Amino acid sequence: MDPDTGHMGIAGGDAAYITKRHWAVVLPPFLLLLFAGLETPSKGAQAWALVLLSVAWIVVSWLNFQTSEFRLTDDAFLVYPGFPWRKTITIPLDIVGTVDVYQPALGKLLDFGKVRLICKDGTRKQFKLVTSPATLMNKIYELRAALANRK
């Protein structure tokens with residue numbers, strides 16, 4: 001087990017690159033809390049229910065932010081989706097065909113975006129709110145090239 005992250009080491013040993021979900025994952029529940037808090041004097045119980053819902057959403061989003069991870073090893077791309085999911089997605093780099101990155105305007109300012117992997121067999125995997133998606137894409141291409149040169 002990795003002492004830094006608490007994740008089990010699989011598929012290739014040491015990490016060549018690690019990134020996480022972006023902190024923007026907690027923005028929507030904070031905005032809901034803000035608007036619900038502004039409405040509490042006039043709406044009463046309905047607004048308080050919305051405040052409680054937003055606080056629960058903040059807790060789940062924060063746990064997701066803290067426990068998610070995107071890890072590149074020499075031969076695989078590992079995804080730990082975060083709370084409440086406990087599964088690990090392992091994608092060998094030799095089957096990755098194309099990596100697409102999409103960053104909306106806010107994503108470019110705050111450096112987050114969506115990463116889509118298109119595998120050689122036609123399957124697609126998409127991951128949202130990834131910190132530094134362009135760097136991740138470049139590292140995947142570098143490691144995939146190095147893996148092809150070793151074979």
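Select Phe127: at 7% relative accessibility, this residue counts as buried. Buried here means under 20% relative accessible area, exposed over 50%, and partly exposed in between (1.4 Å probe, protein chains only). The model is predicted: local features need pLDDT of at least 70, side-chain atom pairs count only at pLDDT 80 or more, and totals for chains, interfaces and linings use all residues. Numbering starts from 1 along each chain as its sequence is written, and side-chain values use heavy atoms, with hydrogens and water left out.

**Stop 1: the phenylalanine rings**

A search of the whole structure finds 4 aromatic pairs. Rings of Phe, Tyr and Trp (its six-membered ring) pair if their centres lie within 6.5 Å; planes under 30 degrees apart count as stacked, over 60 as edge-to-face and the rest as tilted. Phe70 and Phe127 make an edge-to-face pair, 5.9 Å centre to centre with 70° between the planes. This pair links distant parts of the chain: Phe70 sits in strand 2 (residues 69-73) and Phe127 in strand 7 (residues 124-131), 57 residues apart. Helices (H or I, at least four residues) and strands (E, at least two) are DSSP runs, numbered from the N terminus.

How buried is Phe70? Its relative accessible area is 1%, so Phe70 counts as buried.

Phe70 and Phe77 are both buried. Their rings are stacked, 6.5 Å centre to centre and 10° between the planes. Show the three residues together: ring pairs link Phe70, Phe77 and Phe127 into a cluster.

**Stop 2: the salt bridges**

The whole structure holds 2 salt bridges. The criterion is a side-chain nitrogen of Lys or Arg within 4 Å of a carboxyl oxygen of Asp or Glu. Arg71 bridges to Glu69, with the closest N and O atoms 2.9 Å apart. Are these two residues buried or exposed? Both Arg71 and Glu69 are buried.

Move on to Arg116 and Asp100. They form a salt bridge with the closest N and O atoms 3.1 Å apart. Here too the pair links distant parts of the chain: Arg116 belongs to strand 6 (residues 112-119) and Asp100 to strand 5 (residues 96-102), 16 residues apart. Arg116 is partly exposed, with a relative accessible area of 29%. Asp100 is also partly exposed, at 27%.

**Stop 3: a surface patch**

Switch to a surface view. Select Val55, Val59, Val60, Leu63 and Phe83. Together they form a nonpolar surface patch with about 360 Å² of accessible area. Patches are made of residues with over 30% relative accessible area and no salt bridge; like charges are joined within 9 Å, nonpolar side chains (Val, Leu, Ile, Met, Phe, Trp, Tyr) within 5 Å. Accessible areas come from the Shrake-Rupley method with a 1.4 Å probe; for residues, only the protein chains shown count as cover.

Pick out Val59. It lies in helix 2 (residues 45-67). Val59 is partly exposed, with a relative accessible area of 47%.

**Stop 4: the whole chain**

Zoom out and show the cartoon. The protein chain has 4 helices and 7 strands. Along the sequence, the pattern is β-α-α-β-β-β-β-α-β-β-α. The C-alpha trace spans about 65 × 35 × 25 Å along its principal axes.

Of the 151 residues, 35% count as buried. The chain exposes about 8,900 Å², and carbon and sulfur atoms supply 62% of it.
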